[in-house]
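I opened the model today to look up a few side chains and how they pair. My notes follow in the order I took them.

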Amino acid sequence: MARRPKRSHNGGPPLDEYKGPPWGKGDPYIFLAWQAAHAKAWKAPSREVMLLRMDKAERLGLTYEEYTLEILERGRHLREEDTERIGAIKAARKRRRVRHLD
């Protein structure tokens, strides 16, 4: 009979005992390409780009993080005409605050 996992166990493989390559059984090229793309996407922008984004986010009523995340997730820069999307971001911000207080 198989042993039951501990209550806090997620049912996945043990992470500490793995002795194989970091890409597991998959293609190493795909793993390394995704790793490089992730590092490039989250690389800190130049000072000028950061200041421009901060100014634009402030004019739209968003935080720098919300504005930058919109660029990274959807690949587009928000404008004043994008009132529907800006409203959705602000509504999500309010929902996060309420959930935090629960």
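I noted the cut-offs before reading any accessibility: buried means under 20% relative accessible area, exposed means over 50%, and partly exposed lies in between. The model I am reading is predicted.

Arg79 forms a salt bridge with Glu81, with 3.0 Å between the closest N and O atoms. Glu81 is exposed, at 55%. I also found that salt bridges with shared partners join Glu70, Glu73, Arg74 and Arg85 into one network.

I then went through members of that network. Arg74 and Glu73 meet in a salt bridge at 3.2 Å, N to O. Arg74 is partly exposed at 45%, and Glu73 is exposed at 54%. Glu70 sits in helix α3, residues 64-74. Is Glu70 buried or exposed? I read a relative accessible area of 3%, so Glu70 is buried. Beyond its neighbours within four places in sequence, Glu70 contacts Gly75, Arg76, Leu78, Arg85 and Ile89.

I counted eight salt bridges in the structure. One of them pairs Glu80 with Arg59 at 3.6 Å, N to O. This pair links distant parts of the chain, with Glu80 in the loop between α3 and α4 and Arg59 in helix α2, 21 residues apart. Glu80 is partly exposed at 43%.

Last, I looked at helix α1, residues 28-41. At its start, a side-chain oxygen of Asp27 comes within 3.2 Å of the backbone nitrogen of Tyr29. Tyr29 is exposed at 63%. Together with Ile30 and Trp34, Tyr29 forms a nonpolar surface patch of about 440 Å² accessible area.

Terms used
Residues are numbered from 1 along each chain as its sequence is written. This is a predicted model: local features need pLDDT of at least 70, side-chain atom pairs count only at pLDDT 80 or more; totals for chains, interfaces and linings use all residues. Side-chain values use heavy atoms; hydrogens and water are left out. Helices (H or I, at least four residues) and strands (E, at least two) are DSSP runs, numbered from the N terminus. The expected span of a helix is 1.5 Å times one less than its number of residues. A polar contact is a pair of N or O atoms within 3.5 Å; within protein, one must be able to donate a hydrogen and the other to accept it, and residues adjacent in sequence count only if both atoms are side-chain atoms. Buried means under 20% relative accessible area, exposed over 50%, partly exposed in between (1.4 Å probe, protein chains only). Contact means heavy atoms within 4.5 Å. Patches are made of residues with over 30% relative accessible area and no salt bridge: like charges are joined within 9 Å, nonpolar side chains (Val, Leu, Ile, Met, Phe, Trp, Tyr) within 5 Å. Accessible areas come from the Shrake-Rupley method with a 1.4 Å probe; for residues, only the protein chains shown count as cover. A salt bridge is a side-chain nitrogen of Lys or Arg within 4 Å of a carboxyl oxygen of Asp or Glu.
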